[in-house]
Structure formats: structure tokens, C-alpha cells
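Hi everyone, thanks for making time this morning. Let me put the model up on the screen, and then we can walk through it together.

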Amino acid sequence: MAGGGAAVRELQYRDAIREALREELLRDPAVVLIGEEMIDPWGGTFGVTKGLSTEFGEERIRNTPISEAAIIGCAVGAALAGMRPVAEIMFLDFIATGMDQVVNQAAKLRYMSGGQVNVPMVIRAAGGSGRASAAQHSQSLEAWFIHVPGIKVVMPSTPYDAKGLLKTAIRDPDPVLFIEHKMMYNNKGPVPEEEYLIPLGVADIKRAGRDVTVVATSRMAPRVLAVAERLAATGGPDIEVIDPRTLVPLDRATILASVRKTHRLVIVHEAVERGGFGAELASIIGAEAFTYLDAPIQRVAAFNTPVPFAPDLEDFLVPDEARIEAAVREIAV
Amino acid sequence: MAVDLSRENAAVAEEMPDRATLSRMYETMVTIRLFETRLVELFNAGKLGGVLHVYIGEEACAAGVCIHLETHDYLLTSHRGHGHVLAKGADMNRMMAELFARETGLCRARGGSMHIIDRSVGVLGANAIVAANVPIATGAGLAAKWRGEGQVVACFFGDGATNHGAFHEGINLAALWDLPVVFICENNRYAQFTPQRMHAKIEDLAIRAAGYGIPGVQADGQDVLAVYRVAQEAVARARRGEGPTFIELKTYRYTGHAISNPICAIGRPDEEVAAWKARDPIPPLERHLLEQGLLTSTELRAIQDAAAARVAAAEAFAEASPRPRPETALEDVYAEWPVGAPL
């Protein structure tokens, strides 16, 4: 992943995101961060923006009231008028209260203007379950947004991906929803010292394998990798693990090539199964690689319920290693 | 902060605009009136598709506010935005072409009547989601403040918008950050079909400004000079970096919410409509111009004729323009997209 010979450190996911924000704030005076409690001493609910307001001032790291429609709408207006705003929605669930600005405004204005205007903005939000925060602080809502043409959707699963993709998202001329996973902020991984960008729409093969393709998003990617390593160590199926990294645009080619090689596909995501990204991907593969498939496509996703409070219940809903392994074994030769 | 509306209004200077300014406002009002009157005829003749929300009766609001705006200032408006867009200087030919759903339209016929954007003159958009333009105006104000070139943002909406959460969130943030935004509520007494008494407990919506710690002023929206004065101070205040102002203009919509809504079928008393039409904003300005010896009746006639000619030319331009090629519907969803990847 990292360039040969380059200095590489181990960084937390949160620190990689902060580095991306800091580098873009330094690079482009039009970049402004807008959100709740991102300024010091708070530095954001998950500590992602710690230190930035001290370094760049509160004109550039703008603390807002609890007003998601204003946060997103303000970003839309600032983007239309020449800035590069990065809005933060503390928990992805809260985006529901600002949904008009995402769906009817950010995603539509370029198109409705006949291409006169761009809306170069990023919405960062922490998604996913795992903190016993129950149904209003734990959702994985990416499917809502992949259904809305005009917005791009990014879901990084490693510190390296998070940094490179966020920098690209900030420079991108279109609105980008950047979904971080709240249980991955402490995850560590290699991140080069020097600057790099990761293009949107390029999947990453996290592990090459022969027998089964597993497409996994966000926190499910490291979980699937753990399953893959265990299976490999115990003589089980050899899994190819693909993280699409961006759901819109989606790198169909990489996934199709893998399925044509392995002839088997499992899709794993933390969002509920019904109407999820997995359904979309399964449909694409069914249409474009049907004759290559040797087994039914498997979806491993949360059950179709809200996220409950009790850890026992919460853990039951979300795909765990056992469910992932069972799905792989179901279709592996 | 207690607000004394009479005191706020009294603070506005009683300065009279000069002849050229008055002529321009007259021209703007007449142009909007003729443009939209023709739109109604074209719509009823089946030449315009979609929905049409006209502004007839409210023209003094757009004219009296937009006269203070420069080309680099920003404007946001609502589904009833033709008047503001024209007053801000949008190309009428291309605007008419947009309404005719032609490729030469300002938005290449992707937007239509309710969503006109003209970046070249700072029109960041008419917007068909009520109150959604308020937080967007706040964001444009943030960019204006950041750029530091004295730009201001004018944000127009109706009385109905002031009950929406986006209005509250957006105006509160603009106030908090002292952004150069002028919020103009054209209180035409109706939120779609619902009369104001059924959608707000208060009569004077300007008092809502007190809740945001910003000036709330009112003017008679049928009196272009009154509009001119309150807008002059609000725009100047924004340019000075002193933050937003909320202006309530009491006005009236002669038509139904949309042209397809018959006015009498929605419970508006004939006497009410007649009383407001008797207060039409155009004749008083004509009288003023004549009585003060600022323009002759020949000069007034020339302004009317020129406006009529522009509207006729715009219609001819639109009718002669090509329709968009269907497959171009796939363009402009994204500014940047991986080469060869399906949308």
C-alpha cells in the first residue's frame, strides 16, 4: 500500500483523519470545518479535531449550535459561494434532521443548475454500532445516500484509506458523505509520512484469495480479514477480501474481476440487510456475472431491526466472525 | 432584546432615491409584471409545462431590495422567484427559455421555474423547498465574510417559511456569526392556501427577529420607496459587517398559490383581493414620478414599451430554441466521475 522506501508510521484512524483535515486546512484557505463541539478543548466527540481550532482559529473551525440542517445547509451555501466546507455530523443518525439539505440541496444543485455550479463539500459523520448507544446513535445509513444521485459515499476501513480518501473528498468538486466508524477510531495502521491521495471509485483488495470473494465495508472489512486469516491457517477456503472504500462511485470492475475468478460472492455490511448496499451489489453481480457464479450470492448483514441498547442484543444483530465464516462455508467448495 | 418595531423603522433615513434609481425600480417592476402576465397567458395556452408560481402584486419587494445589490452579491429565493431573479439581472431570454424547457435555458432546462440558478449574476438559486434557502444563504454569507470583499446575501422567502425549522436554524446561525445576510420575508398573507391567522399566532412576523438578537424591521411591500429605505439600511448594515437583518414586507399575491389553483376556490374573499389590487404598487410610483416631474408620461410609456419588447423578444428566443436532447439528462449529475464508470 504505502510507497516503497517511504517513512511509515502507525497511526490511529482518528489521527489519520485529523492529519487529512490539517493538511487540507494548511493547503487551501477555502477549507472550513463546520460542526458541533469540534473546537478545543473538546476537539469533537471522538477527539478527531483536537488541536485544530488552536492551530487554525475559530474562524476556520466553526463551532455551531445543535442545528444539523444549518450545519449542512451552511456548508451547501458556502460551497456554492466558493469555499470548501467540511461539515461534521456528530452521529450519522442525526443527519436525518438535516436530510433536506443533503438530499434536495447538496445532491441536486449542480444538476438543477445545468452544470453552472458545483457543491464541493464533505459531510463527515460517525456511523455504526458497538457502544451500547441504542437505536438513535448506532445506525449504518449509507444505503439512504447511495439511492440519491448527486452525492458520493465514502466508507474507509483503515487509517491509510481514511486519510487518503478524506483528502481527495475535500478536493472533490461534488458533495461527499464520508462515513467514519465510531468503533475504528482507535484502530491503528500504517500511514506514510509524505502526502498521498486515494481516488474515489477505486476498491482495494485487502487480501488476495482463490476460493470466495468477500466484499466488506467499513468495520466489517477488518472483521472479514480476521476470518480469512483464521481460515487460511486452518486449511479453510481461501478468501479474497475486497473493500470498495467508496460506494458511490463504485468500482464494479474490481469486484466483477474477482467474482469471475472465484465464482463465489459473499457481501458483508453492518447496515440492516433489507434495501442495503448488499442488495444493490448482488443485483449488479447477478446481472453482469451470472454465468460465472457457482453458488448463490450470500449477504451477511444486520438483522432488520433497530439497534438495541444491551450489548448482548447489539452484538447479536451485527455480523460477527461466526456468521461471516458460516456464509463463506455455505458456498465454498 | 425587546423590539420596538416603530422605533426600528423610524431609524431608517427618509432619504429620497434619485431619478435614475426611481426609474430603474419602475422599470424592474413593470418588467416583472409584464413578464409574468405573459407567463400566465402562455401557461394557460398550454405552452409552459410544470407548475408556475407567479409574483404578480409583489413586485415592489424585489425592486426595492435588489436595487441595492451589486452583481457580485448573492441572491437566494423561493419557488416564487421569477421577480427576484429578473431584478438581480438574469438574462431574460435564457430565463424564458428555461421556462419553455429549452436547451438554451439558464439551467439547460434541468431546473425550471422553481429552481432557476444564474451563477453569472449571483443568483445561487430559487429553491422549491420552503425555507431551505435560509441556511444556504447563511453559508453564502459565511463565504462572503471569508472573502472580505463586502459582498452581501439577499434571501427571499414567504411568510410560510418562517414556521419551518430550517428558517430558525439558518437565521440563528447567521445572527450568531454576524454574517452579511439580509433575510426578506415577503408576507403575502398566505402559506400556499393557508392564511396567516391559521399558521402563526402573531401578526407581525418581524418580531421573530428579536429571538435571534438581530434587527427586525417592517415595510409596506406595496410601497417601493418604503421597501427601498428598509433594504438600504439592512444591506448597508450587512456590508459594514454588522450582521443580518430580518425584513418583513407586507404584501399580497393576486393569484392562487400556483397558476393552476383557482383563486376563488381556496377561500379568499373577493373583497380582500379587490382591496389589495386597489393598492397595486405600480400606479403610485407612476404618480410620484409624474408629480415630482421626474419622468414624463412619454418616458413612462417608453419604459413600458421597452419592457414589453424585451418580453416579446424573450418569448421569440425561447420558442426558436431547441429542446434538450433526451440523452443529455445523464449529464451534470457529478462534476467529476471515474472515466467509463456507469452513473
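Let's begin at one residue: leaving aside neighbours within four places in sequence, A:Met155 is in contact with A:Glu142, A:Ile179, A:Thr217, A:Ser218, A:Arg245 and A:Leu247. Contact here means that the C-beta atoms of two residues, placed from the backbone, lie within 7 Å. Before going on, the housekeeping: this is a predicted model, where local features need pLDDT of at least 70, side-chain atom pairs count only at pLDDT 80 or more, and totals for chains, interfaces and linings use all residues. Residues are numbered from 1 along each chain as its sequence is written, while chains are lettered from A and ligands numbered from 1 in the order in which they are written.

Back to A:Met155, which sits in the loop between β6 (152–154) and α7 (159–171) of chain A. Those labels are DSSP runs numbered from the N terminus, with helices being H or I of at least four residues and strands E of at least two. Is A:Met155 buried or exposed? It counts as buried, because it has 29 C-beta neighbours inside 10 Å. The cut-offs are 20 or more other C-beta atoms within 10 Å for buried, 12 or fewer for exposed, and partly exposed in between, again with C-beta atoms placed from the backbone. For a sense of distance, A:Met155 and A:Pro29 are 126 residues apart in sequence and 26 Å apart in space, C-alpha to C-alpha.

Now the sheet. Chain A has an open sheet of five strands in the order β9-β11-β10-β13-β14, with mixed pairing; two strands pair if DSSP finds at least two bridges between them. At the edges stand β9 (204–207) and β14 (298–302) of chain A, each with a single partner strand, so one side of each has no neighbour in the sheet. Inside that order, β10 (residues 212–216) and β11 (residues 239–243) of chain A pair in the parallel sense over four bridges, and A:Val212 stands opposite A:Ile239 in β11(A).

Next, a helix pair. α3(A) and α4(A) pack at an angle of about 25°, with their axes 7 Å apart. The axes are lines fitted to C-alpha atoms, for helices over the stretch in contact, and angles run from 0 to 180 degrees between N-to-C directions. That makes the two helices α3(A) and α4(A) roughly parallel, given that angles under 35 degrees count as roughly parallel, over 145 as roughly antiparallel, 65 to 115 as roughly perpendicular and the rest as oblique. From α3(A) come A:Ala69, A:Ile72, A:Gly73 and A:Val76, and from α4(A) come A:Asp100, A:Gln101, A:Val102, A:Gln105 and A:Ala106.

Over to chain B, with eleven helices and eight strands. Of its 343 residues, 52% count as buried. Helix α3 (residues 59–66) of chain B is mostly covered, with eight of its eight residues buried. Those residues pack against α2 (19–44), α4 (82–87), β3 (153–158), β4 (181–187), α8 (224–239) and β8 (245–250) of chain B. Finally, among contacts in chain B between residues at least 6 apart in sequence, 76% join residues at least 24 apart.
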